[in-house]
Amino acid sequence: MNQKTQVQIPLITIVSLSKTLNPTLFQGGGMESKSDMETKLREFCLTEQDVGQLRIVLFGPVGAGKSSFINSVNNAFLGRITSKALVASGAGTSFTTTYKTHKIGHGRLPFVFNDVMGLEEGGSAGILNEDLISGLEGHIKENYKFNPISPLSNGNSYYNPSPAMGDKVHCVVNVIPADKISMVTDEVINKLRSVRNKASDLGIPQVVVMTMIDKACPEVDRDLQNIYRSKKIKQKCSYRLGVPMNCILPVKNYHEEISVDMKMDLLILSALTQIVHFADDYVASLYDR
């Protein structure tokens, strides 16, 4: 029987102040690092131009911050607070109900995001694994409304029977809230792993974007620069999801802020850079076959 863990993950402390995973990211206030990353992403040249754009899908539990991550990426590029993907104030049920492509920075960048319905417990709530897998393979058309009871099937007007390379997913991003990783039920974790296994079968690269790290760690809440100095939550996330530590990317999404923040942007763009490179490498490998 799948059961919820009753105790929320405890607040953590810095475990190794002498070791940082990315010691240069925040140097000099971060302005040079941000400008450099932003320029490289804006000018990113796809290895295979025929694909048109890299497609990145976000999935995870309800309330993990999938839509907020899309907005946060857009904020980092536009230098202001935006609301490209609608976000709910609560996390009871999934606010995202349709399959929609989100372009970043007014559509001038070589990658797009697809946000999907959140994963929930039970067989009649949240996105079905079958629909997630159809999305990976490029079979879902724009604006398809997810049905938590019945998956999309061949013959439906929103089913794409012959997806082009640009319709398929090139990187899978699992979005997990750091402060609630212990609260995610075994049932939802098993759903996550099932989709990850299918993505692995297809050879699609995967990363974990770990959100809400500031709520899980007092030191990070005091100074976001400490985010790379604590490994305990990453280790717990790695253990529960079965992903390597170097594929877990910690970020703080924009939520209450009314203006952009340099340190938040640095973490967001650093995570995005790794995601884009993974996606491009995957597409290149497909053309090499």
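User: How many disulfides does the structure hold?

Analyst: The structure holds zero disulfides, a disulfide being a pair of cysteine sulfur atoms within 2.5 Å. Cys171, for instance, is in no disulfide, and the nearest cysteine sulfur, that of Cys247, is 8.8 Å away. Please keep in mind that this is a predicted model, in which local features need pLDDT of at least 70 and side-chain atom pairs count only at pLDDT 80 or more, while totals for chains, interfaces and linings use all residues. Residues are numbered from 1 along each chain as its sequence is written, and side-chain values use heavy atoms, with hydrogens and water left out.

User: Is Cys171 buried or exposed?

Analyst: Cys171 is buried, with a relative accessible area of 0%, where buried means under 20% relative accessible area, exposed over 50% and partly exposed in between (1.4 Å probe, protein chains only). Cys217 is buried as well, at 1%.

User: Changing topic, how many aromatic pairs are there?

Analyst: The count comes to six aromatic pairs; rings of Phe, Tyr and Trp (its six-membered ring) pair if their centres lie within 6.5 Å, and planes under 30 degrees apart count as stacked, over 60 as edge-to-face and the rest as tilted. One of them is the edge-to-face pair of Phe69 and Phe113, with 6.1 Å centre to centre and 85° between the planes.

User: Where do Phe69 and Phe113 lie?

Analyst: Phe69 lies in helix H2 (residues 66-78) and Phe113 in strand E3 (residues 111-115), so the pair ties together parts that are 44 residues apart in sequence. Helices (H or I, at least four residues) and strands (E, at least two) are DSSP runs, numbered from the N terminus. Phe69 is buried at 0%, and Phe113 likewise counts as buried at 0%.

User: And what do Tyr99 and Phe146 form?

Analyst: Tyr99 and Phe146 form an edge-to-face aromatic pair, 6.3 Å centre to centre with 85° between the planes. That pair links distant parts of the chain, 47 residues apart, with Tyr99 in the loop between H2 and strand E2 (100-103) and Phe146 in the loop between helix H3 (129-136) and strand E4 (171-177).

User: Which residues form one aromatic cluster?

Analyst: Phe69, Phe77, Phe111 and Phe113 form one aromatic cluster.

User: One more, where is Phe59, and what is it in contact with?

Analyst: Phe59 sits in strand E1 (residues 54-59) and is buried, with a relative accessible area of 1%. Leaving aside neighbours within four places in sequence, Phe59 is in contact (heavy atoms within 4.5 Å) with residues including Lys66, Leu132, Asn174 and Arg196. Phe59 and Asn174 are 115 residues apart in sequence, yet 5.3 Å apart in space, C-alpha to C-alpha.
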